[in-house]
Amino acid sequence: GRMAKQSPARMPSLLTKEFNLRANSASTFLSKEECISNTEPFEFNPKTDRYCCVGFDLSMRGDLTSACAVYMRPGDDHIYEITRSWIPEEQIKVNAAKDFKERDGVPYHIWATKESCGLPIFEIVEGDKIDQRVILNFIRELADMGLYPRYVGFDPWHVDDWTLRELKMMVGESNVEPIAQQAKILSPAMRKLQLDLRAKRVCCNNAEPLV
């Protein structure tokens, strides 16, 4: 018990192994401090920044859709990322009209003014849902600036056949990979990400993270 008090990360293990209690959503894998990446500004360099990997997660209904492009530079162990998120304008109104404690005071319109490497990091789209074409347009914008997506990984839930076909045409059929949201698949990657975040290797070009 004393060890769990001194180190909150030990609490889930104590509850599940010693007291035989089921862990719940309150047992977080990453601490708030670990989630904050290296926010020191960086510039896109067309001489070194040539290829990237893109991942995206579509919203279930009218909520947040997000995508992220990550790349590395020769002789540099940092991971550079360019992110983009979208939310429907109507969803902002819904959130404001209800007591969404986790979203009260979220500065969506301020986020929409921020950029990373000359690209917006957040967009408010008209209507009550997000067209899946935003992902394709994001990839085109990256290519236009000289950063070519080599691989695309995505949660297959909600991705329609047309979007999938277009993705394969853009980056190659064998370079588009569905990644199911399962602990067996995600755990090794998350453990590595945890170490990279702790070491501040992940560079997010945004002085005001979306947290």
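Modeller: The answers below set each value against its definition.

This is a predicted model, where local features need pLDDT of at least 70, side-chain atom pairs count only at pLDDT 80 or more, and totals for chains, interfaces and linings use all residues. Residues are numbered from 1 along each chain as its sequence is written, and side-chain values use heavy atoms, with hydrogens and water left out.

Colleague: Why is the contact of Asp49 with Arg73 called a salt bridge?

Modeller: The term requires a side-chain nitrogen of Lys or Arg within 4 Å of a carboxyl oxygen of Asp or Glu. For Asp49 and Arg73, the closest N and O atoms are 2.8 Å apart, so the pair qualifies. The rule gives eight salt bridges.

Colleague: What makes Asp49 buried?

Modeller: Buried means under 20% relative accessible area, exposed over 50%, partly exposed in between (1.4 Å probe, protein chains only). Asp49 has 0%, so Asp49 is buried. Arg73, at 17%, is also buried.

Colleague: Why is Arg201 called partly exposed?

Modeller: Its relative accessibility is 27%, so Arg201 falls in the in-between class. Asp77, at 46%, is partly exposed too. Arg201 and Asp77 form a salt bridge, N to O 3.5 Å.
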